[in-house]
Amino acid sequence: MCKANQFLEEEGAVSPVIGVILMVAITVILAAVIAAFVFGMGPPEQAPQASIRGSADTVGTFNVLKLEHQGGEAITLTEAKTKVTVDGNAVIFSLSSDTQFDAGESLYLYNDTDEYYLSPKSFVSGNLTGNIVSTGTTSNVKIVDVGSQQMIADLAVNF
């Protein structure tokens, strides 16, 4: 028998090699799927979906920003979960132990000695020392979910 014909007739080794390659590929894919579940590489965290309205308001003689939660999911207002800024300045939460901002509630942003605070109206009236912005200007308020780094609200409020 000619050596050239010998290569054409002996195909016995091709099938086991392909079988081994397929088994290795299946094992690698299965290991990757199991690792994704074990190490929590699931879908990314989502920011709360809420409708927030910002408006100019006055408490006494001072301009304040009123934030109204008009609907959607509750927003947890702690510094570990939510970041609020007014014109790029960080806002300090001066809230009671209940840190949920639910639909139908209103909170107020005010200025006290160059610091911005967010609190209920009952707390605001005794702590005002200055306007949050001047009349005739626009203030930009951003509410960001810290965990997902997604914007919850981006408001431009005219005074």
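Okay, a definition to start: I call a residue buried if its relative accessible area is under 20%, exposed if over 50%, and partly exposed in between, using a 1.4 Å probe and protein chains only. By that cut-off, 31% of the 159 residues in this chain are buried.

Now the housekeeping. What you see is a predicted model, so local features need a pLDDT of at least 70 and side-chain atom pairs a pLDDT of 80 or more, while totals for chains, interfaces and linings use all residues. Numbering runs from 1 along each chain as its sequence is written, and side-chain values use heavy atoms, with hydrogens and water left out.

Along the sequence the pattern reads α-α-β-β-β-β-β-β-β-β-α-β-β.

Eight strands make an open sheet, in the order β1-β2-β7-β8-β5-β4-β9-β10, with mixed pairing. Two strands count as paired if DSSP finds at least two bridges between them. At the edges sit β1 (50-59) and β10 (150-158), each pairing on one side only. From one strand to the next, the twist averages 30 degrees; the axes there are lines fitted to C-alpha atoms, for helices over the stretch in contact, with angles from 0 to 180 degrees between N-to-C directions.

Let's zoom in on β9, residues 138-145. Eight bridges join β9 to β10, and the two run antiparallel. They form a hairpin with four residues between them, and Gln149 in the turn has a positive phi of about 60 degrees. Val141 is bridged to Leu155 in β10. Next to that, Lys142 has Asp154 as its bridge partner in β10, and Thr85 also stands opposite Lys142. That brings in β4, residues 82-86, which is antiparallel to β9 and joined to it by five bridges.

Leaving aside residues up to four places away in sequence, Thr82 touches Ile75, Thr76, Leu77, Phe93, Ile143, Val144 and Val146. A contact here means heavy atoms within 4.5 Å.

Last, the whole chain again. Take contacts between residues at least 6 apart in sequence: 57% of those join residues at least 24 apart. That's the tour!
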